[in-house]
Amino acid sequence: FPYSLPFFSPLSFYLVAIALEGKMIISKLGDNATLSCIYQEKDLHLKNLRVYWQIVDDQEECSVVHTLISGQDNESEQCIHFKNRTRLFRDRLENGDFSLLLLNVSRSDERRYKCVVLQKTEYTRVIHQAEVILSLAASYSQPILSGPIRNSDSTGEEVTFSCKSGNGYPKPNVYWINKTDNSHLPPSELKITPHTDGTYSVYSTLKVKATSNMEIECSIENKVLRENLSANYTEQKQNKSSSTESHKNLEKNRRGAQAAGIISIVILMGIIAVLICWLWRQKSSQLRSYTGKEAF
């Protein structure tokens with residue numbers, strides 16, 4: 001056989017030509033993945049079947065992922081990495097569905113798997129086999145693109161853009177694009193940082209000569225998920241006219257504040273004058289009253 005079959009002592013097998021079913025499964029890190037293995041014939045008796053799920057890699061010390069013998073799971077030679085992480089769909093077995101549920105997938109599960117189904121009647125023969133490639137992926141966050149605030153006379157000077165994204169898998173492709181002509185620009189710096197959960201963060205910078213109409217795009221590509229997330233730089237110019245206008249507005253606001261302050265002081269002084277006048281009158285009235293009493 002082109003694969004190993006555990007639990008079998010030398011027996012006489014009858015091998016028939018069977019088309020190999022091949023599929024690629026894409027799962028996100030931490031999710032559960034279903035590895036497909038479906039035999040179209042429905043008239044099956046589990047007691048006559050043996051189902052083997054294994055890793056297709058001769059260099060692995062252990063390749064047994066899951067085993068079903070006569071309708072019962074057999075864990076005696078299962079790789080420790082897969083212990084308590086694999087399930088067959090019991091209610092589907094007699095209908096020829098031998099798909100495997102792999103729980104909480106991690107980067108180490110990113111492999112090529114083979115499902116082999118044997119049936120024993122007068123002789124033992126392979127009735128079905130399937131290969132499944134498990135690829136893992138995680139979406140990157142929307143990239144954040146930062147660029148310079150330029151003066152109108154900065155054309156020709158070197159300016160720097162930065163782009164960052166995170167929580168994705170596998171490593172991304174990062175593209176800098178000049179949107180004025182859709183040309184690709186080489187990054188000045190590209191840093192991809194792995195995290196403990198298996199995902200990556202990416203940080204890239206671009207240094208270019210400033211032009212009068214700069215349109216820059218940063219694109220993060222995840223090939224496995226066929227995702228392409230992008231962020232565009234909106235040029236922020238700070239020219240002389242805007243500076244002059246800003247200065248005028250500030251001066252106008254300052255003068256308004258001064259006028260308001262003067263008015264407030266005048267009003268306060270008026271209130272104080274009225275209060276003093278009222279107090280003086282009150283005192284004068286009391287004094288006249290007192291003088292009148294002394295005359296008697």
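Let's start with a pair: strand β18 (residues 216-222) and strand β19 (residues 227-232) run antiparallel to each other over 6 bridges. Strands pair here if DSSP finds at least two bridges between them. This is a predicted model, where local features need pLDDT of at least 70, side-chain atom pairs count only at pLDDT 80 or more, and totals for chains, interfaces and linings use all residues. Residues are numbered from 1 along each chain as its sequence is written, and side-chain values use heavy atoms, with hydrogens and water left out.

**The whole chain**
- You'll find 1 helix and 20 strands in the chain; these are DSSP runs numbered from the N terminus, with helices (H or I) of at least four residues and strands (E) of at least two.
- Of the 296 residues, 36% are buried, meaning under 20% relative accessible area with a 1.4 Å probe, counting protein chains only.
- Take contacts (heavy atoms within 4.5 Å) between residues at least 6 apart in sequence: 65% of them join residues at least 24 apart.

**The β18-β19 hairpin**
- S219 sits opposite S230 in β19.
- The hairpin has 4 residues between its strands, and R226 takes a positive phi near 55°.

**Meet N178**
- N178 is part of strand β14 (residues 173-178).
- N178 counts as buried because its relative accessibility is 18%.
- Leaving out residues up to four places away in sequence, N178 touches S183, L185, E215 and I216.

How values were computed:
Buried < 20%, exposed > 50% of the residue type's maximum accessible area, 1.4 Å probe, protein only.
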